[in-house]
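User: I'm new to this one. Can you walk me through it?

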Amino acid sequence: MTANATAIDHVHMARALQLAARGTYSTAPNPAVGCVLLDANGVVVGEGWHQRAGQPHAEVHALNAAAMRARGGTAYVTLEPCSHHGRTPPCADALIEARVRRVVAAMQDPNPRVAGDGLRKLGVAGIVTAVGVLEREARELNRGFVSRMTRGRPWVTVKLGSSADGRTALADGSSQWITSEPARADVQRLRARAAAIITGIGTALADDPALTVRDGTLDLGGRIPLRVVLDSRGRLAPDLKLARDGLPTLVFSSNEGARVLTRLAEAESSALQVEPMPTDAAGRIDLDAMLQRLAALECNEVLVEAGPRLAGGFLAAGLADEIVLYVAPTILGETAQPSFVLPQPLRLLAERPQYSYHDVRRVGPDLRLTLRPMEGRP
């Protein structure tokens, strides 16, 4: 709790976070933000949340609802009010014009274009400010936005479905379906959060996935997650869904592979884009460089749905911010494919990547385990 925050502040900020969560799938690349506005007597007179990128921010919706009753009141906002002109005017100016007395923000905006300027502008105007109320919850809600602004790369979730003995497919690659229908439906929410869904060429060739959000009840605000394929040798086939369905697909390849794939893109679909990307000595795509490129494309969160080698590559590079593992109550045996194949075998047990259980819950007959690194968060 900040020095000038109260228990009542926590109650109203919790409500603002509930409102913000309504925009989880639809506001990208903007953060999800909620606002609760009280009048001078402490009565809620306005609520709002950011619903679409390019549309009014949460504060504007709340101020419109409150009208003149905002004067002398308190605004609870899950993110520091913006101070710059983007697609919409600055929210800090709107709060000043409304003559609110106090603004409570859950967290400072990590965007360098704001980074405290909004709060400073409010303070200069004589408005009392407090920051840090339910900050951890606010950062979690916008973990991808925070990651892109502070680390220059998206938040990375690696998703896998496995048997109870940690196997993701039979030796011949058969994997449909290890997990249950409820688990597969739950994956649609992970896809909906993501700005990009990443897979490897091996998975693309073996499974011919569409990598689309199939749950029509989820409001993405007209946004379609970008499909990303890592294909260093240019093996993407023209008959795959990723090449022919006309939805946005970006293929990262080596210089040589990109030349082959560019011809495919020109022949098959304008929605298929190809970009060369640095590779390592083994010909693998540089994952860090790839993530930086996706951040430049304003991707806040990415979902990795790939085979054990690419999944293991993200772990070994320290680029997996969380692992979401759906575990089915079945056994596939030692000849089946593992969940992860690390680029280099571990020499010592002390070298192993270590995670903590962030969340454990049941989804239908399966378990959903969410693991996060024991150290380091955006």
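Analyst: Helices (H or I, at least four residues) and strands (E, at least two) are DSSP runs, numbered from the N terminus. This is a predicted model, where local features need pLDDT of at least 70, side-chain atom pairs count only at pLDDT 80 or more, and totals for chains, interfaces and linings use all residues. Residues are numbered from 1 along each chain as its sequence is written, and side-chain values use heavy atoms, with hydrogens and water left out.

User: OK. Where is P29 found?

Analyst: P29 is in the loop between α1 and β1. Most peptide bonds are trans, and most residues other than glycine have a negative phi.

User: Which loop holds A115, and what is its phi near?

Analyst: A115 lies in the loop between β4 and α4. Its phi is near 40 degrees, a positive value. L211 has a positive phi too, about 55 degrees. L211 sits in the loop between α8 (201-207) and β9 (226-230).

User: Is L211 buried or exposed?

Analyst: L211 is buried, at 4% relative accessibility. Buried means under 20% relative accessible area, exposed over 50%, and partly exposed in between (1.4 Å probe, protein chains only). A115, at 29%, is partly exposed.

User: New topic. How many residues are in the largest nonpolar core?

Analyst: The largest nonpolar core has 39 residues. Such a core is a set of buried Ala, Val, Leu, Ile, Met, Phe, Trp, Tyr and Cys residues joined through side-chain atoms within 4.5 Å. M13, L37 and L95 are among those with the most contacts inside this core. Elements that each supply at least two of its residues include α1 (7-21), β1 (34-38) and α4 (117-124). α1 gives the most, with five residues. Apart from this core lies another, of 33 residues, among them A196 and L319.

User: How many disulfides are there?

Analyst: Zero in the whole structure. A disulfide here is a pair of cysteine sulfur atoms within 2.5 Å.
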